[in-house]
There are 2 protein chains.
Amino acid sequence: MAKEITSRQENYSQWYNDIVNKADLAENSPVRGCMVIKPHGYSIWEKMQGVLDRMFKDTGHTNAYFPLFIPKSFFSKEASHVEGFAKECAVVTHYRLTTDEDGKEIIVDKNARLDEELIVRPTSETIIWHTYKGWIQSYRDLPILVNQWANIVRWEMRTRLFLRTAEFLWQEGHTAHATKEEALEETRRMIDVYADFAENWMAMPVLKGTKTDAERFAGAIQTYTIEALMQDGKALQSGTSHFLGQNFAKAFDVKFTDQSGTLDYVWATSWGVSTRLMGALIMAHSDDNGLVVPPKLAPTQVVIVPIYKKDAQLDEISAKAHEIKDQLQQKGITVKYDDRDTQTPGWKFSEYEMKGVPLRLAIGPRDIQNATLEIARRDTLEKEIISQEGVADHIEQLLADIQKGIYEKALRFREENTYYVDDYEEFKQIMSEKGGFVWAHWDGTEETELKIKEETKATIRLVPVEENPEPGKCIYSGKPSKQRVVFARAY
Amino acid sequence: MAKEITSRQENYSQWYNDIVNKADLAENSPVRGCMVIKPHGYSIWEKMQGVLDRMFKDTGHTNAYFPLFIPKSFFSKEASHVEGFAKECAVVTHYRLTTDEDGKEIIVDKNARLDEELIVRPTSETIIWHTYKGWIQSYRDLPILVNQWANIVRWEMRTRLFLRTAEFLWQEGHTAHATKEEALEETRRMIDVYADFAENWMAMPVLKGTKTDAERFAGAIQTYTIEALMQDGKALQSGTSHFLGQNFAKAFDVKFTDQSGTLDYVWATSWGVSTRLMGALIMAHSDDNGLVVPPKLAPTQVVIVPIYKKDAQLDEISAKAHEIKDQLQQKGITVKYDDRDTQTPGWKFSEYEMKGVPLRLAIGPRDIQNATLEIARRDTLEKEIISQEGVADHIEQLLADIQKGIYEKALRFREENTYYVDDYEEFKQIMSEKGGFVWAHWDGTEETELKIKEETKATIRLVPVEENPEPGKCIYSGKPSKQRVVFARAY
């Protein structure tokens, strides 16, 4: 067979790289840390974008576009934001190339130096709040509910395709509100949208909660997060929504007049997900045969492969295949009929298995005689011969079953890898041997959080939002704890 | 009334700026030459994107994503490409910021200088062909039909919102083929797609043809273009499709084995349209009252405004408005019901006129009594009172009429401003006094083309592709000419 991949057990990290590579999702580029998202990978990202964009619009948001570049001085305006973001950035210093004295080599034109350097956006709060100042005078101008789809650059030293790249694609929502309550409501609404997307589209169960002070977004008062568990027992932060208070409004002097004529600073939120979700999708569901994609996000949900020896057989098979394709398309199912004669059926089977097409149909001469076809599920790798009668209904049901099955499998995995631990030795052992989500008591101090991180590489992924949290004693210091928090090693 | 704009006659250029500004389409940002595309402007761009993306997919293309940055050395690889593009570029030289000695100011970290500078992409042929080298070995890997939606940076010195900005959004198709014929066919297919889009969606008539050597894309063998006429008599290049021959394949050493086992360089095309189309859309149709958007690209096609004095009246009006809204939505028409009580009906009328909503409905207490409503067309500014009976069919028809009417008006304008000229004095007079498209004979030399440009500011917009061109004498040199070409002053 064509392509082989390393098994998860042998080398999980290599398994991930193999899938990204061999399922044609992405590859490294000649620019350090920047990836090429290949057509198959991009088509999954497009499906994600489409669903999320619809969700954003259904919750009242519109899209806009802000500049790629941010003047260097903007980063100094919000004190904690500068700490977090004015570090590993791509800096534009010149605006012209020229040829050297010999006219042979292209060099940077020294006479074309910018007065103020420009930073390729690592996030857009500063430039957006600078812009909002011009948009907001009165309560009539609020709320502003804007989202941007954009590319982002953070000069990461250690990069991995999708999971951590110097350039990545994302969306960033930036909203402005008249009241604190409204901004908080928006913050929570958007983390709920992300959780809904993760669970009902990506088939990936997530935990929802808030970040600790140490893990919070630079410039935020409160950060909500969703966290998913990968198959190696590590957590992956899959979306965040930030309540920014009046921090950016103060930094950029954005005030509004309320209905009573009083002047006040505007309240803000921001929220985002990125191509990192592609990494989460891959690691949540795939197996040692390649990619597994939930049907709702699969660019091609069903592929039909003809099996034949003589061209005459192909005509009859093709007629039947087109008939089935039409029936499926009428149900809104995405179908590809692959009758290329440049590749064998075996090559095609392994190709679509690698790329994660949820259902594969095969039709041969015997199927034509018997009015049957062979159907293979990507998730369970089960095959069966079914009647052509009612095939569209059957497939529609199967796709729903697969979507549900993939979610339940991931949920079962998370449950099997979730621990309630009260003993620090046990905690350390779980972290070093098994991984997973560990619910444990914490005294609420950054000091303890840091010590645990140093000793176990585990961080507090989130503080659950619970109505009646159960108090206890910190697993590390023994001091009082208000509630259990969720620890894990993370991507 | 709220907003006023300069008339076209008084100052065309200011009229354009006023519309962009007051219809909330875009604004300048603190970064020189980079624009903020505001929600209303972006929503029109999104409609354009959606239609074009569908057209690309229907012609067999898939999307992918390539890095924002291109290593400086890549530009030297294709000789004519470097001439055209390695000039006014944003150059990334460093990858880190730090604080100065006092810890007060943010400065560029001198220790974080890149070994090789990175250029923010001014177009992506080089990095894409570098990538294609890894994707192509045999004829089985061809054709590659890939498109990218991306942001682009060209450090323009004189910028205008949408028409010429340092950063802009675009799509760039990059295809690879086994034969010259197939690549040429693709080049022509895509200029046809652009012409179809311009005429049938933007309601903007275009001329189609090829560029002269002087006006051709840097690195192309042949460039096809579509050109539209703006209301000030200037042409606007609205889309280009390039046959790149084997130039980039040779520059990046991309060869393939054909079915007979022979090794040859791959054939290439590239094609693109950008947010410049927003400028074309604005200037093709708008009037002294604001923006006019063809219904097929209008984010909101119909707005309903309630007219009332007492809240009790509003209830009845709202019930009727929602009923009509539902009927329209069932026909796939985009409707907004604006019942905000923070703005007056007069303010709303002028707002939607400025923003180019094709149809405005107003419903007052008398309409409720008479089962009528007032309907106002944005394109002709005509108002009429119509019966509520059959309103959805009526509006559906009206939207189609408006789409057609806008196109025909623009076509009429172009016909009235098209000249066939054989005398150079007349040519000069038309160019300086009226503008428009001038069909004239040209001797085919770059020298003549340049002289005419110097003396009249007119360029050859295109060489029409005609089966039996009519020969003649060059309007400038009197030398033999194979056919008339189209001159105009251009954006």
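Modeller: Let's begin with a term: two strands count as paired if DSSP finds at least two bridges between them. Strands in a sheet pair through backbone hydrogen bonds, and they can do so in a parallel or an antiparallel way. Please keep in mind that you are looking at a predicted model.

Now find strand S5 of chain A, residues 91-94. Within its own chain, S5(A) pairs with S8(A) in the antiparallel sense, and three bridges hold that pairing. To see one place where they face each other, look at Val91(A), which stands opposite Ile119(A) of S8(A). Strand S8 of chain A covers residues 113-120, and it is also joined by three bridges to strand S4, residues 69-71, of chain A; those two run antiparallel. There, the residue opposite Phe69(A) is Val120(A) in S8(A).

Next, follow S5 across to the other chain. S5 of chain A pairs with S5 of chain B, residues 91-94 in each, over three bridges in the antiparallel sense. You can check this at His94(A), whose bridge partner in S5(B) is Val91(B).

How are the two chains related? Chain A is superposed on chain B by a rotation of 180° with 0.0 Å of shift along the axis, and the RMSD is 0.0 Å. The two copies are thus related as by a two-fold rotation axis. In chain A, the C-alpha nearest that axis belongs to Val92(A), at 2.1 Å from it. Both copies use the same surface, since 100% of the contact residues of chain A recur in chain B. Each side of the contact is made up as follows: 50 residues come from chain A and 50 residues from chain B. If you sort the side of chain A that touches chain B by class, you get 30 nonpolar, 11 polar and nine charged residues.

Let's move on to an open sheet in chain A. Five strands lie in the order S18-S17-S19-S20-S21, and their pairing is mixed. Its edges are S18 (335-337) and S21 (383-387) of chain A, each of which pairs on one side only. Neighbouring strands of this sheet are turned against each other by 25° on average, direction ignored. For a parallel pairing, look at S17 (residues 302-306) and S19 (residues 359-363) of chain A, which are joined by five bridges.

H8 of chain A, residues 311-330, lies across S17, S18 and S19 of chain A, at about 170° to S17(A). H9 of chain A, residues 345-355, lies across S17 and S19 of chain A, and it too runs at about 170° to S17(A).

H8(A) has a helix partner as well. H8(A) packs with H11 of chain A, residues 391-416, at an angle of about 55°, and their axes are 9 Å apart. The two helices are therefore oblique to each other. The crossing of H8(A) and H11(A) is right-handed. On the H8(A) side the contact is made by Ile324(A), Gln327(A) and Leu328(A), and on the H11(A) side by Val391(A), Ala392(A) and Ile395(A). By class, this contact has five nonpolar residues, one polar and no charged ones.

The crossing of H8(B) and H11(B) is right-handed. The residues that meet are Ile324(B), Gln327(B) and Leu328(B) in H8(B) and Val391(B), Ala392(B) and Ile395(B) in H11(B).

To finish, find Ser241(A), which stands opposite Trp271(A) in S16(A).

Note on methods
Residues are numbered from 1 along each chain as its sequence is written. Chains are lettered from A and ligands numbered from 1 in the order in which they are written. This is a predicted model: local features need pLDDT of at least 70, side-chain atom pairs count only at pLDDT 80 or more; totals for chains, interfaces and linings use all residues. Copies are superposed by least squares on the C-alpha atoms of residues with pLDDT of at least 70 in both. Two residues are in contact if their C-beta atoms, placed from the backbone, lie within 7 Å. Ala, Val, Leu, Ile, Met, Phe, Trp, Tyr, Cys and Pro count as nonpolar, Asp, Glu, Lys and Arg as charged, and the others, Gly among them, as polar. Helices (H or I, at least four residues) and strands (E, at least two) are DSSP runs, numbered from the N terminus. Axes are lines fitted to C-alpha atoms, for helices over the stretch in contact, and angles run from 0 to 180 degrees between N-to-C directions. Angles under 35 degrees count as roughly parallel, over 145 as roughly antiparallel, 65 to 115 as roughly perpendicular and the rest as oblique. A crossing is left-handed if the near helix is turned anticlockwise from the far one by less than a right angle, and right-handed if clockwise.
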